[in-house]
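Subject: Structure handover

Hi,

Here is the structure I promised to pass on, with my notes below it. Please have it open while you read.

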Amino acid sequence: MFYGGSFDDGMGSEKYSFTYALARPDGTWSFVKQLSDIVDVERVEERENNVEKMDVTAALQHIKSVIKPDLTLIHFVCLKGTTTFWALFEALDIPLIGGSAESRYLCMDKLKTRGVLLAYNSVSCAEGLTLSKGSPIPSAHIKYPCVVKASKGEDSKSVRLVKDQQSLDVAIKHALTYSNQVIIERFIEGREIRCAVVKSEKTGDIKALSCMEYNVPAKNIREDKLLCVDEKGLPACSKAPENRTWFLDPAKEGALINRVQQQSCQVFQELDLQDFGLFDFRVDREGNPFFLECNLFCSFGYKSVLNVIAKDSGFTDESLFDLMVQNVLIRKEKTY
């Protein structure tokens, strides 16, 4: 609801017609033309309403036979929402903005992502090792400081910076609550930078956009995603404070920007992504970027990180969304 509510349903109103599907935790679905009809966007909760509730079977039949959408934009960010629900719409032959369910499964699993990139050996990743649940901790091969992260996990909740053996044991135990495999990487002291990439299906061009830096101490990891939630685990701030991010200046750091952009485009291609991607890097003291993770979510609301970066690169909210829609329709035409 939080991310769906940030999308401007008046965007391209002369070109597009939207229907919102609200899928509840209890398994029921409802459909409305305006999300605000059943959702209090400010409080992020459903209003009292008389909208029909359907089970998933009826809901999918309604989508396929009544709504008959040309494409779908999913606003879930959880593991199930970005994989299982994605596959659900693929099974209905309804194309999605953001590419395939296969790419979602690949990028939601950091171990698989890392494996693909290491196989190509063209994108730098921090040295590390993998630990499976139940396996002994190879303490002799671990150097501090290091970063412990679950193979599968959302919003950095499973990530810990570790500086000694005692902290390592705690971090591994914590990470194993999120997945059965843990990645232990060398900590890269330096900066944290994000780059966005968009692709045009019409031209085949892959374009790296502006580079955004996070205000992270050189000797620490980014924790703002952990801090910016309320007691329910919901986003507690609609926008990160301005002093948390800024764009790199091409006049001063053109060489670094070029390296990060090249690496981002390389990741985009090697993971066989579509439409867009957000790529996080640690940059060491010598200016060498090391890939951290890939994010394939965007609400296309004006506060979305991709939208913010795209606007710094010359896009408007409308032109960015138009590109995504055009991409999906071109793929759909090729399929049929």
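A word on element names before anything else: helices (H or I, at least four residues) and strands (E, at least two) are DSSP runs, numbered from the N terminus. This is a predicted model, in which local features need pLDDT of at least 70 and side-chain atom pairs count only at pLDDT 80 or more, while totals for chains, interfaces and linings use all residues. Residues are numbered from 1 along each chain as its sequence is written, and side-chain values use heavy atoms, with hydrogens and water left out.

Let me start with the backbone. Proline 145 sits in the loop between strand S5 (128-132) and S6. The peptide bond joining tyrosine 144 to proline 145 is cis, with omega about 0°.

Lysine 68, in the loop between helix H2 (56-67) and H3, has phi near 50°. Lysine 68 is also exposed, at a relative accessible area of 57%; here buried means under 20% relative accessible area, exposed over 50%, and partly exposed in between (1.4 Å probe, protein chains only). The other residue is aspartate 93, whose phi is about 60°; aspartate 93 belongs to the loop between H3 and H4.

That loop between H3 and H4 also holds proline 95. Proline 95 and aspartate 70 are 25 residues apart along the chain, and their C-alpha atoms are separated by 7.3 Å. Setting aside neighbours within four places in sequence, proline 95 has contacts (heavy atoms within 4.5 Å) with Asp70, Leu71, Thr72, Val328 and Lys332.

Now to helix H4 (residues 101-108), which I would look at next. How many of the eight residues of H4 are buried? Six are, so the helix counts as mostly covered: Ala101, Ser103, Arg104, Leu106, Cys107 and Met108. The cover over these buried residues includes helix H3 (79-91), helix H5 (110-120) and strand S13 (289-295).

Two packed helices are described by the angle between their axes and the distance between the axes. The axes used here are lines fitted to C-alpha atoms, for helices over the stretch in contact, and angles run from 0 to 180 degrees between N-to-C directions. Angles under 35 degrees count as roughly parallel, over 145 as roughly antiparallel, 65 to 115 as roughly perpendicular and the rest as oblique.

For H3 and H4, the axes come within 8 Å and cross at roughly 165°. That makes the two helices H3 and H4 roughly antiparallel. On the H3 side, Leu79, Thr82, Thr83, Thr84, Trp86, Ala87 and Glu90 take part, meeting Ala101, Arg104, Tyr105 and Met108 of H4. By class, the contact of H3 with H4 has six nonpolar, three polar and two charged residues (Ala, Val, Leu, Ile, Met, Phe, Trp, Tyr, Cys and Pro count as nonpolar, Asp, Glu, Lys and Arg as charged, and the others, Gly among them, as polar).

H4 and H5 pack with their axes 5 Å apart, at an angle of about 95°. These two helices, H4 and H5, are therefore roughly perpendicular to each other. Leu106, Cys107 and Met108 of H4 make this contact with Lys110, Lys112, Thr113 and Val116 of H5. By class, the contact of H4 with H5 has four nonpolar, one polar and two charged residues.

Serine 151 brings us back to some of these residues. It lies in the loop between strand S6 (146-150) and strand S7 (160-162). Is serine 151 buried or exposed? Serine 151 is buried, with a relative accessible area of 1%. Beyond its neighbours within four places in sequence, serine 151 is in contact with Met108, Asp109, Lys110, Leu111, Ser179, Gln181 and Val182. A polar atom of the serine 151 side chain lies 3.5 Å from the backbone nitrogen of leucine 111.

Last, have a look at arginine 282, in strand S12 (residues 276-284). Arginine 282 counts as buried, at 4% relative accessibility. Which backbone oxygens does the side chain of arginine 282 reach? They are those of isoleucine 188, at 2.9 Å, and glycine 190, at 3.5 Å. These are polar contacts: pairs of N or O atoms within 3.5 Å, where within protein one must be able to donate a hydrogen and the other to accept it, and residues adjacent in sequence count only if both atoms are side-chain atoms.

Happy browsing, and best wishes
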